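Visitor: Hi, could you walk me through this one? I'd like to go residue by residue.

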Amino acid sequence: FNSLIDLANPTKKYEKIKHKLKRLIPSPNSHFLISKCLKCRKINIFFSHTRVSKKCVECSVTLTKPTGGKIKTTQNCLVLKHFYKIW
């Protein structure tokens, strides 16, 4: 790393690589996803670090596969938005 880093105003890139508790403002690495099924155009909401594969509510097409960390979306899934709070 460069020795001329401004610790009072770090860049987003620098903050993202730090551990979630060591950031200037602690924030989680996980989030919720709003996605659209490309087969039936139904909107689905799921968690980014889920341990089971998720299927579309309407047509039962597999949208995500677990990888041990973050999920991997399939070709049938289009991610529209990421958000941290569901309420």
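This is a predicted model: local features need pLDDT of at least 70, side-chain atom pairs count only at pLDDT 80 or more; totals for chains, interfaces and linings use all residues.

Visitor: Where does Arg41 lie?

Guide: You'll find Arg41 in the loop between β1 and β2, the latter spanning 43–47. Its phi is positive, about 65°, although Arg41 is not a glycine.

Visitor: And what is the phi of Ser60 near?

Guide: The phi of Ser60 is near 60°, again a positive value in a residue other than glycine. Ser60 sits in the loop between β3 and β4.

Visitor: Okay, on to the sheet. In what order do the strands come?

Guide: The open sheet is formed by three strands in the order β3-β4-β5, with antiparallel pairing. At the edges stand β3 (54–55) and β5 (72–73); each has a single partner strand, so one side of each is left without a neighbour in the sheet.

Visitor: How many bridges join β4 to β5?

Guide: Two bridges join them, and the strands run antiparallel. Strand β4 covers residues 62–65.

Visitor: Which residue in β5 does Thr64 stand opposite?

Guide: That's Thr73. Thr64 itself is part of strand β4.

Visitor: Is Thr64 buried or exposed?

Guide: Thr64 is buried, and its relative accessible area is 0%. Beyond its neighbours within four places in sequence, Thr64 has contacts that include Phe46, Val52, Ile71 and Thr73. There is also a polar side-chain atom of Thr64 that lies 3.1 Å from the backbone nitrogen of Lys54.

Visitor: New topic: cysteines. How many disulfides does the count come to?

Guide: The count comes to zero, with sulfur atoms needing to be within 2.5 Å of each other. Cys56 is in no disulfide, as the nearest cysteine sulfur, that of Cys40, is 3.5 Å away. Likewise, Cys59 is in no disulfide, and there the nearest cysteine sulfur belongs to Cys37, 3.6 Å away.

Visitor: What are the relative accessible areas of those two, Cys56 and Cys59?

Guide: Cys56 is buried, with a relative accessible area of 4%, while Cys59 is partly exposed at 26%.

Visitor: Charges next. How many salt bridges does the structure hold?

Guide: The structure holds one. Lys18 forms a salt bridge with Glu15, and their closest N and O atoms are 3.6 Å apart.

Visitor: Is Glu15 buried or exposed?

Guide: Glu15 is buried, with a relative accessible area of 13%. Its partner in the salt bridge, Lys18, counts as partly exposed at 24% relative accessibility.

Visitor: What about Arg23, which side chain of opposite charge is nearest?

Guide: Glu15 is, at 5.4 Å. Because a salt bridge needs the nitrogen and the carboxyl oxygen within 4 Å, Arg23 has no salt bridge, yet Arg23 is buried.

Visitor: So which backbone oxygens does the side chain of Arg23 reach?

Guide: The Arg23 side chain reaches the backbone oxygen of Glu15 at 3.1 Å and that of Lys18 at 3.4 Å.

Visitor: Where is Arg23 found, by the way?

Guide: Arg23 is in the loop between α1 (12–17) and β1 (32–37). Not counting residues up to four places away in sequence, Arg23 touches Glu15, Lys16, Lys18, Pro28 and Asn29.

Methods: Residues are numbered from 1 along each chain as its sequence is written. Side-chain values use heavy atoms; hydrogens and water are left out. Helices (H or I, at least four residues) and strands (E, at least two) are DSSP runs, numbered from the N terminus. Buried means under 20% relative accessible area, exposed over 50%, partly exposed in between (1.4 Å probe, protein chains only). Lys and Arg count as positive and Asp and Glu as negative; His and the chain ends are not counted. A polar contact is a pair of N or O atoms within 3.5 Å; within protein, one must be able to donate a hydrogen and the other to accept it, and residues adjacent in sequence count only if both atoms are side-chain atoms. Contact means heavy atoms within 4.5 Å. Two strands pair if DSSP finds at least two bridges between them.
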